[in-house]
Amino acid sequence: NGNGDIMLWLSNNPTADGKGGFSQRLKQETLERIKRTGSSYSQEVWNYVRTQPLDFLKLEFQKLKLFWRGYELANLLQYYIFKHLSKLLGLPWMNFVLLAPLGIVGLVLALKQWRTAFILYSYVFIQMATTVIFHALARYRIPVVPILSVFAAYTLWHIGKTIQAKQWWKAGLVAGAVVTLYLIINVPHAAHLYQQHYGEPLPLLNILRYWDLFHTW
């Protein structure tokens, strides 16, 4: 990709926000410096990592949170506009809000079989890493959805199996882990968006509405 060098800088500079945002002024200053010194955008990124390692790590952690958060982060057309206009999209389909916690728990539960599932694990972590290196936009994480769905299904299968075996504490532990991750990953941001748009706290009942937890219209 001929734009890889500059895309790397756009995603990793002191003003990057992990969502595609950056300072146009800094971009212009960086371009002028590159022309003057004969360096490159990649070298500029390395200088940022070397001179501001903590800021860089904070940026990457922010991208990691954005990657796992259920909110569909767009940079062109907002998905939630179409969801609001379409009755079909408004149905309670499985989405990333639920897929992420189920998938993460599944990744942990399947660790004993990691050799058998090595390709699946590798795919998830490589996709996550390459997304986090650049922008944590929803369209870049879509490729991980089919594989993450396998681990999410494994979580549901495991809960069902333990219930069938009347191992209630195991079923409760796994289900509790899913619920806890669901709340930690999604609810604070969803509550912030709801407060921002409606001027009042997110209703408790809305927390259960995973299919439209993120009200952005």
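**Exercise 1.** Which residues have the most contacts inside the largest nonpolar core?

*Solution.* This is a predicted model, with local features needing pLDDT of at least 70, side-chain atom pairs counting only at pLDDT 80 or more, and totals for chains, interfaces and linings using all residues. Residues are numbered from 1 along each chain as its sequence is written, and side-chain values use heavy atoms, leaving out hydrogens and water.

Start with the term. A nonpolar core is a set of buried Ala, Val, Leu, Ile, Met, Phe, Trp, Tyr and Cys residues joined through side-chain atoms within 4.5 Å. Buried means under 20% relative accessible area, with a 1.4 Å probe and protein chains only.

Now the answer. The largest core holds 22 residues, and Trp68, Phe96, Leu107, Tyr121, Val124, Leu148 and Phe151 have the most contacts inside it. H4, H6, H7, H9 and H10 each give at least two residues to this core. Helices are DSSP runs (H or I, at least four residues), numbered from the N terminus. H6 supplies the largest share, six residues.

**Exercise 2.** Work out what span helix H9 should have.

*Solution.* Take 1.5 Å times one less than the number of residues.

**Exercise 3.** Find the buried residues of H9 and their partners.

*Solution.* The buried ones are Ile147, Leu148, Phe151, Ala152, Thr155, His158, Ile159 and Thr162. They lie on the same side of H9, because their arc around the axis is only 150°. That arc uses directions from the helix axis to the C-beta atoms. These residues pack against H4 (53-68), H6 (96-109), H7 (118-133) and H10 (168-198), where contact means heavy atoms within 4.5 Å.

Note on methods. Buried < 20%, exposed > 50% of the residue type's maximum accessible area, 1.4 Å probe, protein only.
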